[in-house]
Amino acid sequence: MTARIGGNMNTLIHKALLPFLLFMSMSAAALAEEPNAAEEADCTGTFSNMYYNLEAGDLLGEEIKIVVGARREKESYPLIGIFQMAVGAPFDPVLVDVRCEKNEIEFVLPKSKIGRGVFRGRVSDKGIHGTLTHSPEVKREIDLPRRAGYWDDPISQ
């Protein structure tokens, strides 16, 4: 009698376990095939080199906070950035559409007090490094470490 119960239990376990294992392996494969979720997540966050120069009394640097936004009718960029620059004092921040594919990042600064420009660079876990081009003659390399922004409340961090 014991051998018969054991045989039925083994068959029952195999019948229940095989579909479960197939389901789990298909689920893992489906998750591995979603490259956009991982690629875009690396581009989101706050990147800033902005600091207050106590000696001169100036605020200096650049900062961009990149978040996921809703897709718009004419544009397909799901990432939105708020970019701010300070040269002695802060300029008004501007909204930019951010293109990010793998580790390449790009955004266009609209005409503003900062001036029109294009930023192209690379994003990593440590930050963004790239070139801000205002014109063929005016280019600047920029390093923006991934960190809390200048305006962020350190108490809430």
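In which strand is Ser 48 found? Select Ser 48: the residue is found in strand S1 (residues 45-48), where strands (E, at least two residues) and helices (H or I, at least four) are DSSP runs numbered from the N terminus.

Before continuing, note that this is a predicted model, in which local features need pLDDT of at least 70, side-chain atom pairs count only at pLDDT 80 or more, and totals for chains, interfaces and linings use all residues. Residues are numbered from 1 along each chain as its sequence is written, and side-chain values use heavy atoms, with hydrogens and water left out.

Keep Ser 48 selected. Is this residue buried or exposed? Ser 48 is buried, because its relative accessible area is 0%; buried means under 20%, exposed over 50%, and partly exposed in between (1.4 Å probe, protein chains only).

Next, display the residues that Ser 48 touches, leaving aside those up to four places away in sequence: Glu 62, Glu 63, Leu 144, Pro 145, Arg 147, Ala 148, Gly 149 and Tyr 150. Contact here means heavy atoms within 4.5 Å.

**The aromatic pairs**

How many aromatic pairs does the structure hold? There are 3, where rings of Phe, Tyr and Trp (its six-membered ring) pair if their centres lie within 6.5 Å; planes under 30 degrees apart count as stacked, over 60 as edge-to-face and the rest as tilted.

Select Phe 83 and Phe 107: the ring centres are 5.6 Å apart and the planes meet at 45°, so this pair is tilted. The pair links distant parts of the chain, with Phe 83 in strand S4 (residues 79-88) and Phe 107 in strand S6 (residues 104-109), 24 residues apart. Phe 83 counts as buried at 2% relative accessibility, and Phe 107 counts as buried at 2%.

Move on to Tyr 150 and Trp 151, an edge-to-face aromatic pair with 4.8 Å from centre to centre and 90° between the planes. Tyr 150, also among the residues touched by Ser 48, is partly exposed, with a relative accessible area of 32%.

**The whole chain**

Clear the selection and colour by secondary structure. The chain has 2 helices and 9 strands, in the sequence order α-α-β-β-β-β-β-β-β-β-β. Of its 157 residues, 25% are buried.
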